[in-house]
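Here's a quick briefing to read with the model open beside you. Have a look at the fold first, then come back for the details.

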Amino acid sequence: APFTVVRFDKRQCGPCPEKPSCTSGAARTVNFLPQHLHELQAQNRSDQQDPQWQRLYASRSGIEGTMNELVNGHRMRRRRYHGVAKAHVQHVLTAIAVNIERLSTQEPADSTYRPRSPTAFQQYLDENDLPRPRWWRQGQ
């Protein structure tokens, strides 16, 4: 998008009363979007505080996590075969493999498996109401 760039010289920034709250560096550059784009950006940022928008984005973030796993964990951007049809087959087979891997980590409904007790660090997090970090391989 076209935007207006304003550059301030070091001499101009020296006497400025807002300098302590400004960014550091020899010179200051500020980019201004056109008014209609700035208003659209402000509206989008305020919409992101809405619970309905956050619920919708939560599903998107799950999909993006899956895509990240496919691209980075299974090298989906690297084709073994030339041609659209063969690349499609590779993508489908890789997706099947990922689904099998995910299903293999789930416990059957009639399982007697019990998760191990929390570690001392996890107990500390729970006692202090701190979130436990979750890794992409652990599912959620």
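Is Asp129 buried or exposed? Asp129 is exposed, as its relative accessible area is 68% (buried means under 20%, exposed over 50%, partly exposed in between, with a 1.4 Å probe and protein chains only).

Bear in mind that this is a predicted model, where local features need pLDDT of at least 70, side-chain atom pairs count only at pLDDT 80 or more, and totals for chains, interfaces and linings use all residues. Residues are numbered from 1 along each chain as its sequence is written, and side-chain values use heavy atoms, with hydrogens and water left out.

**Confidence**
- The chain's average pLDDT (the predictor's confidence in each residue, from 0 to 100) is 82, and 91% of the residues score at least 70.
- Helix α2 (residues 35-47) has the highest mean pLDDT of the chain's elements, at 92, while helix α1 (residues 10-13) has the lowest, at 73.
- Helices here are DSSP runs (H or I, at least four residues), numbered from the N terminus.

- Asp129 isn't a glycine, yet its phi is positive, at about 55 degrees; you'll find Asp129 in the segment after α5 (120-127).
- Look for Arg75 in the loop between α3 (51-74) and α4, where Arg75 counts as exposed at 54% relative accessibility.

**Aromatic pair**
- There's one aromatic pair in the structure (ring centres within 6.5 Å, using the six-membered ring of Trp; planes under 30 degrees apart count as stacked, over 60 as edge-to-face and the rest as tilted).
- The pair is Trp53 and Tyr57, and it's stacked because the ring centres are 5.1 Å apart and the planes sit at 5 degrees.
- Both residues belong to helix α3, four residues apart, or about one turn of the helix.
- Trp53 is partly exposed at 30% relative accessible area, and Tyr57 is partly exposed too, at 34%.

- Val92 sits in helix α4 (residues 84-104) and is partly exposed, at 35% relative accessible area.

Conventions
Helix = DSSP H or I, 4+ residues; strand = E, 2+ residues; numbered from the N terminus.
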